[in-house]
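Biologist: I'd like to learn how to read a few features off a protein model. Could you walk me through them?

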Amino acid sequence: MIKRAKLALENGTVLDCQSFGADTEVAGEVVFNTSLSGYQEVYTDPSYCGQIVTLTYPLIGNYGVNLEDVESARPQVAGVVVKEYFDFYSNFRATESLGSWLQRHGIPAVQGIDTRMLTRMLRVEGAMRGVLSTTDLDNASLLRKVAESPKMSGRDLATVVSCAEPYSWDEADATEFALAAEGPEPGAAPFNVVAYDFGIKRNILRRLVAYGCKVTVVPAGFPAADVLGMHPDGVFLSNGPGDPAAVASGIRNIRALAGKVPIFGICLGHQLLAHALGGKTFKLKFGHRGGNHPVKNHLTGRIEITSQNHGFAVDPSSLDPASLEITHTNLYDGTNEGFRHKYLPLFSVQYHPEASPGPHDSDYLFRDFVAMMRSTSPSSAAASGAAVPSP
């Protein structure tokens with residue numbers, strides 16, 4: 001029996017659809033992702049917390065789900081919207097269908113919506129709040145709930161998805177599809193890396209291990225003094241959801257760490273690092289989500305095709321040109337995609353070098369992080385004399 005559902009949007013649009021996920025109701029920011037594959041990685045990315053994700057690829061579910069291609073312990077999306085769902089999966093690694101997996105985790109999912117139309121609406125009008133429901137089919141009631149739902153701006157969701165306690169990670173990708181990496185030199189001790197979990201993906205941890213790092217993951221609000229007490233060779237700032245300006249504890253701790261230890265940030269970590277160094281962020285109209293975003297690396301002149309998932313961006317005019325150098329730019333819209341400090345051992349990018357899903361053009365950034373740790377000691381970083389802005 002087909003279960004009816006509805007998606008109500010902030011602009012007053014209500015779309016009829018059919019459910020293939022959990023029988024429930026959720027509110028969230030409705031966004032779109034243009035990746036052609038990798039729906040399991042997308043749905044388990046903590047950066048999608050609080051969002052109802054529309055996939056532009058029309059047929060979803062063909063290869064089911066498996067136990068390996070997950071970026072966290074469970075689906076993190078608020079809801080799922082696709083054009084057409086296919087329940088009879090076919091893949092040698094699959095363990096169950098996408099629909100049954102989403103049902104088991106309580107995630108609503110719908111099909112039968114013209115996702116081309118919905119994506120065009122989001123591009124023209126911007127990402128907007130929505131309510132996805134199988135339990136309430138009254139248009140007026142749904143639109144009222146949309147109006148009462150929280151906006152993404154001002155929300156600190158990093159602390160919601162972060163781990164509760166520190167933990168160690170030492171697993172690299174053990175599948176036959178693993179990307180080769182430049183591991184540690186024979187006999188060399190591993191680099192001690194502390195990774196802030198603002199919504200970290202597992203493939204980030206796998207790539208750090210593949211490059212010879214021993215990783216300790218810490219919660220989003222973990223004190224900088226305690227991090228320094230762990231004597232790390234470097235600190236990694238992860239991706240994550242929500243408004244970066246609202247993650248006050250993260251910004252405060254990063255400011256305290258800058259200049260004392262090498263730092264590499266991505267996505268939300270990139271934005272938090274910018275705030276810690278005196279910069280600002282703003283909300284994009286509809287965000288960058290997909291595996292096909294061209295980015296120019298100004299240091300090499302090369303163009304990288306990148307994997308991205310973010311709704312906010314760093315304002316490049318807010319970065320101090322005396323101390324910070326813009327290193328990467330998005331070729332779609334000219335937004336900032338990376339910067340580095342001219343004196344301190346730290347750099348960051350807006351996109352996801354670990355991919356999953358997406359291209360591997362930017363995997364070299366993990367190698368650059370290792371090279372920075374190898375050539376920089378905390379004492380030499382502090383001795384550089386570069387000033388870190390006060391709050």
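Modeller: We'll go through confidence, salt bridges and nonpolar cores in turn. This is a predicted model, where local features need pLDDT of at least 70 and side-chain atom pairs count only at pLDDT 80 or more, while totals for chains, interfaces and linings use all residues. Residues are numbered from 1 along each chain as its sequence is written, and side-chain values use heavy atoms, leaving out hydrogens and water.

Biologist: What is the mean pLDDT of the protein?

Modeller: pLDDT is the predictor's confidence in each residue, from 0 to 100. Here the mean is 94, and 94% of the residues reach 70 or more. Over residues 377-387, though, pLDDT stays under 50, and the model has 13 contacts (heavy atoms within 4.5 Å) for them beyond four places in sequence. Where pLDDT is low, the predicted coordinates should not be read in detail.

Biologist: How many salt bridges does the count come to?

Modeller: The rule is a side-chain nitrogen of Lys or Arg within 4 Å of a carboxyl oxygen of Asp or Glu. That gives 16 salt bridges. Take lysine 6 and aspartate 16, whose closest N and O atoms are 3.9 Å apart. Lysine 6 sits in strand β1 (residues 3-9) and aspartate 16 in strand β2 (residues 14-19); strands (E, at least two residues) and helices (H or I, at least four) are DSSP runs, numbered from the N terminus. Arg4 joins Lys6 and Asp16 in a salt-bridge network.

Biologist: Is lysine 6 buried or exposed?

Modeller: Buried means under 20% relative accessible area, exposed over 50%, and partly exposed in between, using a 1.4 Å probe and protein chains only. Lysine 6 has 8%, so it is buried, whereas aspartate 16, at 49%, is partly exposed.

Biologist: Which residue forms a salt bridge with glutamate 325?

Modeller: Arginine 340, with the closest N and O atoms 2.8 Å apart. Glutamate 325 is in strand β17 (residues 324-330) and arginine 340 in strand β18 (residues 336-341), so the pair ties together parts 15 residues apart in sequence.

Biologist: Which residues touch the most other members of the largest nonpolar core?

Modeller: A nonpolar core is a set of buried Ala, Val, Leu, Ile, Met, Phe, Trp, Tyr and Cys residues joined through side-chain atoms within 4.5 Å. The largest one has 30 residues, and Tyr196, Phe198, Val235, Leu237, Leu257, Ile263 and Leu273 touch the most other members. The largest share, five residues, comes from α9. Not counting residues up to four places away in sequence, leucine 257 touches Tyr196, Ala224, Val227, Leu228, Val235 and Ile263.
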